[in-house]
2 protein chains.
Amino acid sequence: MQEKLREHIEKIISLTDEEFSFIRAHFTIKNSKKREFLIRKGESVKHCYFVVSGLLKLVYDDESGSQHIVSFAMEDWWETDFLAFHTQTKATMSLQCLEDTDVFCLSLENYQKLCAGLPKMEHFFLKKSNSGHIGSQQRILSFLTSNAKERYDQLLKRYPSLFQRVSKTLLASYLGVSRETLSRLSS
Amino acid sequence: MQEKLREHIEKIISLTDEEFSFIRAHFTIKNSKKREFLIRKGESVKHCYFVVSGLLKLVYDDESGSQHIVSFAMEDWWETDFLAFHTQTKATMSLQCLEDTDVFCLSLENYQKLCAGLPKMEHFFLKKSNSGHIGSQQRILSFLTSNAKERYDQLLKRYPSLFQRVSKTLLASYLGVSRETLSRLSS
DNA sequence: TTTTTTGTGTGATAAATATCACAAGTACAA
DNA sequence: TTGTACTTGTGATATTTATCACACAAAAAA
């Protein structure tokens with residue numbers, strides 16, 4: 001499990017064994033079962049998570065009770081309610097396991113210590129944050145330029161594995177269409 | 001004009017005069033007229049821009065010829081085609097002045113030198129990138145949870161000044177609705 | 001100034017999508 | 001095993017939004 005984290009980081013920066021030990025010491029491990037919550041709306045957000053295996057959904061529940069999926073977090077993803085985590089405010093979203101999931105947990109304090117103690121890691125997180133930002137911008141663009149059918153096809157092309165792992169209902173709520181419309185599109 | 005940049009950076013990290021001189025040396029200044037392009041689709045993206053005054057639009061032109069506004073860049077914003085800038089690929093979007101605009105320009109090379117020479121700045125850019133990511137996620141959320149009217153009201157509330165500065169047609173293309181629909185919403 | 005482009009509102013209509021309702025299939029727990 | 005909850009497809013209908021067309025106003029260019 002440690003190796004997964006190390007390999008992931010070493011895609012961007014190279015590390016000595018000592019550096020990795022230093023990094024490793026800032027994380028804890030958590031093994032969660034399907035349906036378990038890592039973050040609950042309204043509670044404080046203790047950690048940023050690195051997904052080693054499994055699958056989670058980051059969801060926003062609106063006033064009328066419907067769910068909106070901001071993001072699916074799969075292997076090799078960093079996920080949390082970033083706003084709440086960085087500003088130390090209460091979560092506005094929830095992070096819940098869709099499968100049994102193993103994660104590394106990084107507290108804000110350890111995140112800051114890690115960046116301060118090893119500037120390379122600040123560089124690493126900057127790269128990650130940039131990719132995240134670019135990814136979100138692409139998703140915005142897909143809302144601006146594409147209808148439901150096109151967004152569905154783009155998702156299918158980009159993350160084909162998702163279609164085996166999550167229900168159509170969840171895909172619909174990620175794409176921003178009703179499950180009935182999605183059902184009619186895919187047939 | 002320099003002071004604007006310094007004040008902006010000092011909102012996040014504090015600087016000595018020498019540090020600021022070091023930073024300043026990595027930027028060039030550009031004054032552009034309304035309608036001028038800082039980035040053109042298809043060309044290479046030389047800089048990341050910090051907007052001192054004025055207003056720009058970051059637009060994506062689709063195959064059918066319609067424009068989609070990914071972002072408005074106002075005073076104190078950092079803007080570029082981030083994907084093209086960071087990966088040194090051709091621009092897929094254009095950045096064009098909606099008003100006469102003054103910017104500081106930072107090349108990728110200088111961006112890297114700046115981060116390497118002054119780790120504080122890597123920290124600064126990480127904070128900026130995180131806010132950008134969070135902002136994009138909020139925008140995604142508005143597409144997921146809100147209809148055109150609600151998105152319009154949210155934008156009006158968040159950036160009231162935009163409504164004096166840009167045409168309804170451009171607002172429509174930022175919100176992802178046709179100008180006719182927007183016109184009917186706002187009356 | 002005159003001309004041309006750009007912006008805006010609004011009607012009529014078409015297309016996309018949501019909502020409600022129901023039936024049947026599948027997974028999972030008691 | 002039975003039952004309960006979750007999932008999926010599909011019909012009927014309502015709502016939202018896009019598209020096309022036009023008139024006119026405002027702004028920029030000649």
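Modeller: This is a predicted model, in which local features need pLDDT of at least 70, side-chain atom pairs count only at pLDDT 80 or more, and totals for chains, interfaces and linings use all residues. Residues are numbered from 1 along each chain as its sequence is written, chains are lettered from A and ligands numbered from 1 in the order in which they are written, and side-chain values use heavy atoms, with hydrogens and water left out.

Colleague: What makes the pair between B:Arg179 and a base oxygen of DNA strand C a polar contact?

Modeller: An N or O atom in the side chain of B:Arg179 is 2.6 Å from that base oxygen, and a polar contact is a pair of N or O atoms within 3.5 Å (within protein, one must be able to donate a hydrogen and the other to accept it, and residues adjacent in sequence count only if both atoms are side-chain atoms), so the pair qualifies.

Colleague: How do you know that B:Lys34 makes a polar contact with a phosphate oxygen of DNA strand D?

Modeller: A polar side-chain atom of B:Lys34 lies 3.4 Å from that oxygen, and therefore the pair falls within the cut-off of 3.5 Å. A polar backbone atom of B:Ala148 is 3.2 Å from a phosphate oxygen of DNA strand D, whereas the side chain of B:Glu180 has an N or O atom 3.1 Å from a base nitrogen of DNA strand D.
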